[in-house]
Amino acid sequence: MTELTGYDVGGLRDAFGAAGYTVDGVAERLGEQANGALARNETAPAVRRTGSGDALDTMIRLFLLQRPVPEALVNKVFPGIDLVALGIIATSGGEARAVLDIRPFAVDGREWWVVADLTPGLDGRREAMRSDYVLGIAPASLSLINLTVPTKAERVLDIGTGCGIQSLHLADRVDQLVATDVNPRALQFAKATAALNHIDLDVRDGSLYEPVKGERFDLIISNPPYVISPPGGDLTYRETEYVGDTLVEQLIRQAPAHLTDGGWCQLLANWTCVRGEDWQDRIAAWTGDRAAWAVQREQLDPAEYVELWLRDAGLHGAPQYTTRYDEWMRYLDDQNVEAIGMGWITLHNVPGTLDAESWPYEIERPIGPHVLHRFERLEGLPADLTALHLRVADDVIQETTGQPGAEDPATIVLRRQRGMRRAEQVDTVLAGFVGACDGDLSTGQILAALADLMDRPLVDVLSDYLPQIRSLVIEGFLDY
């Protein structure tokens, strides 16, 4: 596409705004059923809802549904803007078709537009993607937005920026945004997205930390090409020539050298689960002596993993599908891979260790504030908890089960409604402790009273329950 000028940007923004081409505007025009179908890449219901010929229907059909519209209608909707010269549409026989995807995007009530390649596979079409394909708004990019810690930062680095979507939600709390990519088309699209939304973005070409050698940042984010695939994969947005998960490893290992003291690195990642090796230990070797938290959201066996990404590439049912499948499986077997983990890693550039866990359950979105608060609780918690005056978090509920009429419940579960939405099974003593945490008595005073009630030595009660209390504080069940 041709680089957008100030005039083009203003004209496009005005046209989109006047038409109501926003997330809410599109949702209202399509309705629930057509929106749901479009989320499944089916356009027929949306076509039925967009036949008026007005500006909004024209934009929806052009960009979101990839349907031809009369060229005269496009000229009317975008007066004075040569979309053909800009590389946004192509025309033939009096009809116009979109060459690029420009769609609305919103977070926390703020509206933007994102420039990317057209969504493949609409209405069941099988389409091979070009090797330098630039992905637009996708679940992974939204996951990274939701994961990012809400801290004020002077400098932010977005590695593997793609269409530049991450810059949108960061722009109002960052002094300088640097975005890198190895794909020249991605850099062009990121520039277009930034220009369309009046965002100052420093775009640089290069791999990993090469374009920012010697520089430091308060926040590094990345939705990198993390797919673990054989060499020769031709989709730049998801595959590299790095062996196994070494791309993710290098992003993490090299991060502290490019972070300010107390800076953050957050990325989405896939990692190999090697036979005879604990995946947590594997990632701990990458994070070293820095505080970090790795969360495995899903784990797939090699066959599931290969099938997932072959479908993503539009190869399911293609002539090369079986050959590619077998090649990929042999590649993973040669590396002794028994499964692939999929999740996220957050590194805080302060001394510490890695917490690593599997958590496939539903979580709150955005999760970034909870990630920040968890690190703050973990790093700020004193060694001696007995002087703390704790309170039960507002979102904690207690669930009990047992036989009717029984003196004590068979199980007691404390459940958080926010953050990771954890559930912790506790005994009657710990449940009694939590119930007494209203900020009045100290931890030591409550445990002493419980020790008296149970006629147990206080030293034993402290030994048994202080570690569990520490965990409840770290995970946000108790505030201090």
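Strands themselves (E, at least two residues) and helices (H or I, at least four) are DSSP runs, numbered from the N terminus. You're looking at a predicted model, where local features need pLDDT of at least 70 and side-chain atom pairs count only at pLDDT 80 or more, while totals for chains, interfaces and linings use all residues. Residues are numbered from 1 along each chain as its sequence is written, and side-chain values use heavy atoms, with hydrogens and water left out.

**Stop 1**

Select 69–70, 89–92 and 95–98, which are S1 and S2 and S3. They make an open sheet of three strands in the order S1-S3-S2, with antiparallel pairing. S1 and S2 are the edge strands, each pairing on one side only. Zoom in on S2 and S3: four bridges join them. Ile89 stands opposite Ala98 in S3. As background, strands of a sheet pair through backbone hydrogen bonds, either parallel or antiparallel.

**Stop 2: a hairpin**

Now pick residues 100–107, strand S4, which pairs with S5 in the antiparallel sense over eight bridges. S5 covers 110–117. Two residues sit between S4 and S5 in this hairpin, and Asp108 in the turn has a positive phi of about 50°. Show Arg103 and you'll find Val114 of S5 opposite.

Is S5 mostly open or enclosed? Six of its eight residues are buried, so S5 is largely enclosed by the rest of the structure. Here, buried means under 20% relative accessible area, exposed means over 50%, and partly exposed is in between (1.4 Å probe, protein chains only).

**Stop 3: Thr119**

Step past S5 to Thr119, in the loop that leads from S5 to helix H6 (139–147). Its relative accessible area is 23%, so Thr119 counts as partly exposed. Which residues does Thr119 touch, not counting residues up to four places away in sequence? They are Asn41, Gln66, Asp101, Arg103 and Tyr133, where contact means heavy atoms within 4.5 Å.

**Stop 4**

Gln166 is in helix H7 (residues 165–170). Its relative accessibility is 3%, so Gln166 counts as buried. A polar atom of its side chain lies 3.0 Å from the backbone oxygen of Ser141.

Next, go to strand S10 (residues 259–274) and select Thr272. Thr272 is buried as well, at 2% relative accessibility. Its side chain makes a polar contact of 3.3 Å with that of Arg282.

**Stop 5: helix H12**

Select residues 321–334 for H12, which has 14 residues and reaches 20 Å from its first C-alpha to its last, close to the 20 Å expected at 1.5 Å a residue. (The expected span is 1.5 Å times one less than the number of residues.) Colour the buried ones: Tyr321, Arg324, Tyr325, Trp328, Tyr331 and Leu332. They cover an arc of only 130° around the axis, which puts them on the same side of H12; the arc is that of the directions from the helix axis to the C-beta atoms. These residues pack against helix H11 (302–312) and strand S12 (337–351). On the other side, Thr322, Thr323 and Asp334 are exposed.

**Last stop: the core**

A nonpolar core is a set of buried Ala, Val, Leu, Ile, Met, Phe, Trp, Tyr and Cys residues joined through side-chain atoms within 4.5 Å. The largest one has 131 residues, and Phe16, Tyr21, Phe63, Phe78, Tyr209 and Ile345 touch the most other members. Apart from it lies another core of 28 residues, including Ala393 and Leu447.

Finally, zoom out: the chain has 16 helices and 18 strands, and 51% of its 480 residues are buried.

How values were computed
Pairing = 2+ DSSP bridges. Polar contact = N/O pair within 3.5 Å; in protein donor to acceptor, adjacent residues only side chain to side chain.
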